[in-house]
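Please look over the sequence and the structure below. The report then takes the fold part by part.

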Amino acid sequence: MAHTFKVNGTTHSVDIDDDTPLLWALRDNLGLTGTKFGCGVAQCGACTVYLDGKPLRSCVTPVSAVVGAEITTIEAISGREAEAVQAAWTAGDVPQCGYCQSGQVMSAVALLKDNKKPTDRDIDLAMNGNLCRCATYVRIRAAIHSAARALEA
């Protein structure tokens, strides 16, 4: 069955089963491989994308649930918060293996869009569910604080 939704500003129609996870539509049908498969049960956050501007785990979201919606992936994340997070990630040398980082960045940008001065607790709550096998959590938190300070300037 054909499903039509907008991804990164472009409308796409994909002919796949209703219950196909959005993650596979993005990766396999649209070639957007920045969004990663981690656990397949919405527990690790590697597959985080935005659905109408809000973080969503694409590995458990069927394409039938996003028809007509606006999806944003790591390939198109933009704006002041995204630039601040990307700069802080680079300056703080946050990634190690990097596998989870697209999901981490998506969640961090969403946090800073809603909360310009997050506390450690705010960060922990917002980033809960974004797992990093390399355990770079201290650097992730520091980078989010750094990005928040950059947004104040």
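Is Arg141 buried, partly exposed or exposed? Arg141 is partly exposed, because its relative accessible area is 29%. Keep in mind that this is a predicted model.

## Two domains

The chain splits into domain 1, residues 2–72, and domain 2, residues 80–152. Their C-alpha centres are 22 Å apart. Domain 1 gives 16 residues to the contact, and domain 2 gives 13 residues.

How much area do domain 1 and domain 2 bury between them? The figure is about 1,000 Å². Carbon and sulfur atoms carry 48% of that area. The size of an interface is often stated in this way, as the accessible area lost when the parts come together.

## Across the interface

Eight residue pairs are in polar contact between domain 1 and domain 2, counting pairs with both residues at pLDDT 80 or more. On the side of domain 1 that touches domain 2, the elements giving two or more residues are E3 and strand E4 (54–57). The residues on that side of domain 1 comprise six nonpolar, seven polar and three charged.

One salt bridge crosses the interface of domain 1 and domain 2. Lys54 and Asp114 form a salt bridge, with their closest N and O atoms 3.8 Å apart.

## Salt bridges

How many salt bridges does the structure hold? The count is five. Side chains of opposite charge can pair when their charged atoms come close.

Take Glu81 and Lys116. Their side chains meet in a salt bridge at 2.4 Å, N to O. This pair links distant parts of the chain. Glu81 is in helix H2 (residues 80–91), while Lys116 is in the loop between H3 and helix H4 (120–127), and they are 35 residues apart. Glu81 counts as buried because its relative accessibility is 12%. Lys116 has 35% relative accessibility, so Lys116 counts as partly exposed.

Lys117 makes a salt bridge too, with Glu152 as its partner. Here the closest N and O atoms are 3.8 Å apart. Lys117 lies in the loop between H3 and H4, and Glu152 lies in helix H5 (residues 137–152), so the pair ties together parts 35 residues apart in sequence. Lys117 is exposed, because its relative accessible area is 61%.

Now return to Arg141. The side chains of Arg141 and Asp120 meet in a salt bridge at 3.6 Å, N to O. Asp120 sits in helix H4 and Arg141 in helix H5, so the pair links distant parts of the chain, though it is enough here to note that they are 21 residues apart. Asp120 counts as partly exposed because its relative accessibility is 36%. Which residues do salt bridges with shared partners join into one network? They are Asp120, Asp124 and Arg141.

## Three buried residues

Thr35 lies in the loop between helix H1 (22–29) and strand E3 (48–51). Is Thr35 buried or exposed? Thr35 counts as buried because its relative accessibility is 0%. Leaving aside neighbours within four places in sequence, Thr35 has contacts that include Leu23, Arg27, Val49, Ile74 and Ser102.

Gly45 is also found in the loop between H1 and E3. At 1% relative accessibility, Gly45 counts as buried. Its contacts, apart from neighbours within four places in sequence, are Arg57, Gly103, Gly129 and Asn130. Gly45 and Gly103 are 58 residues apart along the chain, and 5.5 Å separates their C-alpha atoms.

Ser107 has its place in helix H3 (residues 101–114). Ser107 has 5% relative accessibility, so Ser107 counts as buried. Which side chain does a polar contact of 2.8 Å join to that of Ser107? The partner is Asn130. Not counting residues up to four places away in sequence, Ser107 touches Thr48, Arg57, Ala126, Met127 and Asn130.

How values were computed:
Residues numbered from 1 in each chain as written. Predicted model: local features only at pLDDT ≥ 70, side-chain atom pairs only at ≥ 80, totals over all residues. Heavy atoms only, no water. Helix = DSSP H or I, 4+ residues; strand = E, 2+ residues; numbered from the N terminus. Buried < 20%, exposed > 50% of the residue type's maximum accessible area, 1.4 Å probe, protein only. Contact = heavy atoms within 4.5 Å. Domains from an automatic or database assignment. Buried area = accessible area lost by both parts, 1.4 Å probe. Salt bridge = Lys/Arg side-chain N within 4 Å of Asp/Glu carboxyl O. Polar contact = N/O pair within 3.5 Å; in protein donor to acceptor, adjacent residues only side chain to side chain. Nonpolar A, V, L, I, M, F, W, Y, C, P; charged D, E, K, R; others polar.
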